[in-house]
Amino acid sequence: MDTPILLATDLDRTLLPNGAQPESPLARHRFRRLATRPEVRLAYVTGRHRELVKAAMAEYELPRPDFVIADVGTSLYETSADDWRPLLDWQRTITVDWGGRSRSELTAMVGELPGLRLQEMAKQGACKLSYYAPPLADPTELLDCVRQRLAASGVSVNLVWSSDETTATGLLDVLPASASKRHALEFLRARLRIPLDRTVFAGDSGNDLDVLVSDIPSVLVANAQAAVRAAATAQADAANLHLARGGLFGMNGNYSAGILEGVVHFIPETRTWLMLADEAADTSIGVRRIESEREKE
Ligand SMILES: [Mg+2]
């Protein structure tokens with residue numbers, strides 16, 4: 001078998017078609033077929049917590065991943081049909097940054113700031129403190145303020161800002177400094193010993209940016225916000241970033257169509273796999289049609 005491929009993708013508005021733009025009809029079906037090939041190690045990389053990942057998998061009929069990086073990189077699970085096993089090495093790697101302080105201690109240190117509201121308990125994690133914020137175009141001042149309040153106590157944090165365009169809300173995650181989607185994905189890639197040229201990441205928004213601009217081959221799906229596209233283009237090495245624009249098998253480049261476009265861009269042999277799978281599906285549809293015609297006769 002070929003060298004394994006690590007296919008890592010964000011969920012909301014990247015694999016999940018839960019944005020305003022349309023999804024190409026066959027895109028998710030093709031993604032599922034590619035993701036379940038024996039060469040592919042599938043990882044979901046998301047801001048969602050475990051239960052919300054499971055809910056999305058059921059709602060959108062997603063293939064079962066081999067790994068889930070959840071809570072914006074603060075948890076990493078190895079998954080099987082009925083077991084999600086947290087990789088404790090990863091937990092140990094990141095928790096030192098909070099210097100033994102709990103999330104509620106950090107909440108008290110951040111205190112009150114205009115427009116900042118704690119997210120629901122289900123969205124908080126052992127190493128993730130999450131707020132709703134106003135939909136600021138430039139959150140620098142707010143982020144500086146939060147960082148200063150925590151730095152005074154020697155807590156080392158990574159602040160991840162993104163915005164949800166469907167609800168016009170800013171989202172702020174306060175994480176241990178070394179916790180990020182990128183670091184978690186690098187940790188996983190090293191553990192699986194998969195080379196960079198067999199790795200592809202797909203994302204759409206601000207909390208994907210650290211991976212999109214890294215040396216990990218990445219695709220920005222076509223439905224991404226213009227501001228994210230501009231930031232990613234400005235910061236990334238063009239050789240490692242593909243901007244999906246549509247055209248692959250007549251698909252529009254949004255969501256899973258964009259993911260597939262990126263995979264084919266960075267690992268060209270996958271185009272043949274997808275074409276052969278399409279042909280096989282066409283043939284089996286054709287055979288079924290002939291059989292059902294015969295039954296009628
Ligand atoms: Mg997203």
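Start at one residue pair: E78 has R85 in β5 as its bridge partner. Strands here are DSSP runs (E, at least two residues) and helices are runs of H or I with at least four, numbered from the N terminus; two strands pair if DSSP finds at least two bridges between them.

Before going on, note that this is a predicted model, where local features need pLDDT of at least 70, side-chain atom pairs count only at pLDDT 80 or more, and totals for chains, interfaces and linings use all residues. Residues are numbered from 1 along each chain as its sequence is written.

Now zoom out to the sheet. Its 8 strands form an open sheet with mixed pairing, in the order β5-β4-β3-β2-β1-β10-β11-β12. At the edges you'll find β5 (84-86) and β12 (241-243), each pairing on one side only.

Helix α6 lies across β1 (5-9), β2 (40-45), β3 (67-70), β4 and β10 (199-203), and runs at about 155 degrees to β3. For that angle, axes are lines fitted to C-alpha atoms, for helices over the stretch in contact, and angles run from 0 to 180 degrees between N-to-C directions. Contact means C-beta atoms, placed from the backbone, within 7 Å. Which residues of α6 are buried? They are K181, R182, H183, A184, L185, L188 and R189, where buried means 20 or more other C-beta atoms within 10 Å of a residue's own, again placed from the backbone. Just after α6, R193 takes a positive phi of about 55 degrees.

Definitions and conventions
A residue is buried if 20 or more other C-beta atoms lie within 10 Å of its own, exposed if 12 or fewer, and partly exposed in between; C-beta atoms are placed from the backbone. Two residues are in contact if their C-beta atoms, placed from the backbone, lie within 7 Å.
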